[in-house]
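Me: Could you take me through the model shown here? I shall ask about its surface and its backbone as we go.

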Amino acid sequence: SSGINAEYGQVQFTKKIAEDDNLLEDISSKLHALAKLILKKRGLKFSIVTEGHNIEHVENILGKFLGELPETNETNFEENKDDLISVNCTKKTFFVVPSASVNDVSQVLKTVPYTHPDSVYLQLLGRVLSACYLHTEIREKGGAYGSGATWGKGLFSFYSYRDPSPLNSLSVFERSRDWVNKDGNIKEQDLEEAKLYLFSDFDSPLAPYEKGLGEFKHNITFEMRQRRRELLLDAKLSHIQEVSSKYLGKSRDSPIAVVGGIDFSKSLEKEEWAIINH
C-alpha cells in the first residue's frame, strides 16, 4: 500500500505542476541549480546496453549531451556551505522525526575490502546472525518489524527497523560476538543454509543490463567472483568465529545512528547521544 500511495502522490504532484506555471518555473530553476552542482563532463562514465545497430546513434546522443556540460562544477561548494544542514555526528546520534512512533537503528563497523578473504566469512557471518540470532532476539522478543546484519563495501552493518526498543537492539548487537563463539549456537545446518542463501545471489540469472555491471561500477571481475565462490564453498564454522572475534569486538567504538520519534529522544538526553532535530 505504501508503494501505491507514493505513486498516487507523484501523479497528484505532476498534475499540480501541469496546472500551475509558477510552480513549474520554480521547480525548473531548482533543477537547473542542482545540475550546476552535480553535472560536470570530467569524471563521467557510461554503461550502455543496446543492440549493435544502435551503438552509433547512442554515441551521437551522448556526445551532444557531454558537449553541453561544463568541464568542472560551476558552483563552489564553499560559497554555498551556509545553505547546507550541518550535522555534527558523534559515535551515537539520534535523528528526530517528530511524527515517528517507532525507530530505525543502525550500527556499522569498518572491516576489509571485497578482495580480502575475510569479507567472504563476514558476509556469511551476517547471514547466520540474521537468521539464527537477530530475528529471534529483536523481532520475536523485542517486537521490531525486522532486523539483520550484512557485509558490503568494507562495512559490517547491524540494523533494525520499526523498532520500539532500540536500546535493547543495540545491546543484542553487542552480544553477537559472544553468541557466535558459544559452542552449539550455530549448527552445521545453519551454516549450509546460509551458504545456499548467498549462492542463490551469486548464481541468480542476470538481465542483459546487469552483465558486466559489477566490473563497470565496482571493478569486480569474473575471476574475483569465482574466487569468492570457492572460499564460500569451503567456509567452516571456525572461519566465521574467527572473523566474529576479530571484527565484532570493535562494536563498542563503532558509529550508531537511530532515526525515530521525539518521545524516545528525550530518554537519551542525559546519555552520550547527539540529538539532531531539524
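**Working notes**

Reply: Arg225 lies in helix H9 (residues 222-234); helices are DSSP runs of H or I with at least four residues, strands are runs of E with at least two, and both are numbered from the N terminus. This is a predicted model, in which local features need pLDDT of at least 70, side-chain atom pairs count only at pLDDT 80 or more, and totals for chains, interfaces and linings use all residues. Residues are numbered from 1 along each chain as its sequence is written, and side-chain values use heavy atoms, with hydrogens and water left out.

Me: Arg225: how far is it from Thr115 in space?

Reply: The C-alpha atoms of Arg225 and Thr115 are 9.2 Å apart, although 110 residues separate them in sequence. Arg225 has a relative accessible area of 28%, so it counts as partly exposed. Buried means under 20% relative accessible area, exposed over 50%, and partly exposed in between, with a 1.4 Å probe and protein chains only.

Me: Next topic. Which residues form the nonpolar patch on the surface?

Reply: The patch consists of Leu31, Leu34, Ile38, Leu39, Leu44, Phe46, Ile48 and Phe65, with about 700 Å² of accessible area together. Accessible areas come from the Shrake-Rupley method with a 1.4 Å probe, and for residues only the protein chains shown count as cover. Patch residues have over 30% relative accessible area and no salt bridge; like charges are joined within 9 Å, and nonpolar side chains (Val, Leu, Ile, Met, Phe, Trp, Tyr) within 5 Å.

Me: Which helix gives the largest share?

Reply: Helix H2 (residues 21-38) does, with three residues. Leu34 is located in helix H2 and is partly exposed, at 44% relative accessible area.

Me: And Asp163, is that buried or exposed?

Reply: Asp163 is buried and has no salt bridge; Arg139, the nearest side chain of opposite charge, is 11 Å away. A salt bridge requires a side-chain nitrogen of Lys or Arg within 4 Å of a carboxyl oxygen of Asp or Glu. Lys and Arg count as positive, Asp and Glu as negative, while His and the chain ends are not counted. Asp163 belongs to strand E4 (residues 155-163).

Me: Which residues have a positive phi?

Reply: Among them are Lys153, with phi near 55°, and Arg162, with phi near 50°; neither is glycine. Lys153 sits in the loop between strand E3 (146-152) and E4 and is exposed, with a relative accessible area of 75%. Arg162 lies in strand E4.
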